[in-house]
Amino acid sequence: MALNARLDHRNPLVFDTHELGRRPGALQRLNRTIDAPRDLGVAGVIGVPEGSPVELELRLESVMEGVLVTGTARAKVEGECVRCLEPLEQQLEADFQEMFSYPDADDRGRVKAEPADDAEEDEDRLFVEDGLIDLEPVLRDAVVLALPMQPVCQEDCQGLCSECGVRLSDDPDHHHDAVDIRWAALQGLAGSLEDGEKDEMSGAEPGVDEKQEK
């Protein structure tokens, strides 16, 4: 998170930690219901519908390095069964814990830019900015990790028939007579021979059978 970014306190996922203070060991418990932000989940697979309620249960703890946030998010997710392609709904519960660090500041309260030992690791750190913390990236990561990557409408879903596409759970006795492809050509040849014999019989001259009998 960029240190010079200004957080909007009106954002429902931005929390004010001023009341918590910076005394290590101070605790604050919060419960908040928010509208789900856009694209909360795995695109095209399963996720929390935009605008649907997400219940947050949070525990904010002041530590030496910053604010430790422990929480649980609960929401309804929607998606598509990977076996039968039917729509599905599930209840999701995602737990998370994240540290928001206090940025070092000079005597005027301005953030001092210091070289990090690991630039990539520093880029992934989250910070307390003017007493505010933004939980959106934490919530997104927690939801994605808690979502099933292969969602199914029910554990014993049998999927679709590979030949005609019918949903097998709706028709447990559904089946197709299997034909061994190795015999298919012979069956076709046998059919051709039978048709040829019928044509020959139908084309025989009248009276031939009578003469043979005499």
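Modeller: Let us begin with Ser101, which lies in strand β7, residues 87-101, where strands (E, at least two residues) and helices (H or I, at least four) are DSSP runs numbered from the N terminus.

Biologist: Is Ser101 buried or exposed?

Modeller: Ser101 counts as buried because its relative accessibility is 9%; buried means under 20% relative accessible area, exposed over 50%, and partly exposed in between, with a 1.4 Å probe and protein chains only.

Biologist: And what does Ser101 touch?

Modeller: Leaving aside residues up to four places away in sequence, Ser101 touches Glu65, Gly66, Arg125, Leu126, Phe127 and Val128, a contact being heavy atoms within 4.5 Å.

Biologist: Before I go on, what are the ground rules here?

Modeller: This is a predicted model, in which local features need pLDDT of at least 70 and side-chain atom pairs count only at pLDDT 80 or more, while totals for chains, interfaces and linings use all residues. Residues are numbered from 1 along each chain as its sequence is written, and side-chain values use heavy atoms, with hydrogens and water left out.

Biologist: Where is the confidence lowest and where is it highest?

Modeller: With pLDDT being the predictor's confidence in each residue, from 0 to 100, the lowest is in helix α4 (residues 208-213), at a mean of 52, and the highest is in β5, at 97. Over residues 105-111 the pLDDT is below 50, and that stretch has eight contacts in the model beyond near neighbours in sequence. Where pLDDT is low, the predicted coordinates should not be read in detail. The protein as a whole averages a pLDDT of 79, with 62% of the residues scoring at least 70.

Biologist: How many helices and strands are there?

Modeller: The protein has four helices and nine strands, and along the sequence they follow the pattern β-β-β-β-β-β-β-α-β-β-α-α-α.

Biologist: Which residues touch the most other members of the largest nonpolar core?

Modeller: Val54, Leu56 and Val69 do, out of the 37 residues in that core; a nonpolar core is a set of buried Ala, Val, Leu, Ile, Met, Phe, Trp, Tyr and Cys residues joined through side-chain atoms within 4.5 Å. Two or more residues each come from β4 (46-48), β5 (53-62), β6 (66-80), β7 and α2 (136-146). Val54 itself, not counting residues up to four places away in sequence, has contacts that include Ile34, Leu40, Val48 and Ala73.

Biologist: Last one: what sits over the ring of Tyr102?

Modeller: The charged end of Arg22 does, 3.7 Å from the ring centre; a charge sits over a ring if NZ of Lys or CZ of Arg is within 6 Å of the ring centre and within 35 degrees of the ring normal.
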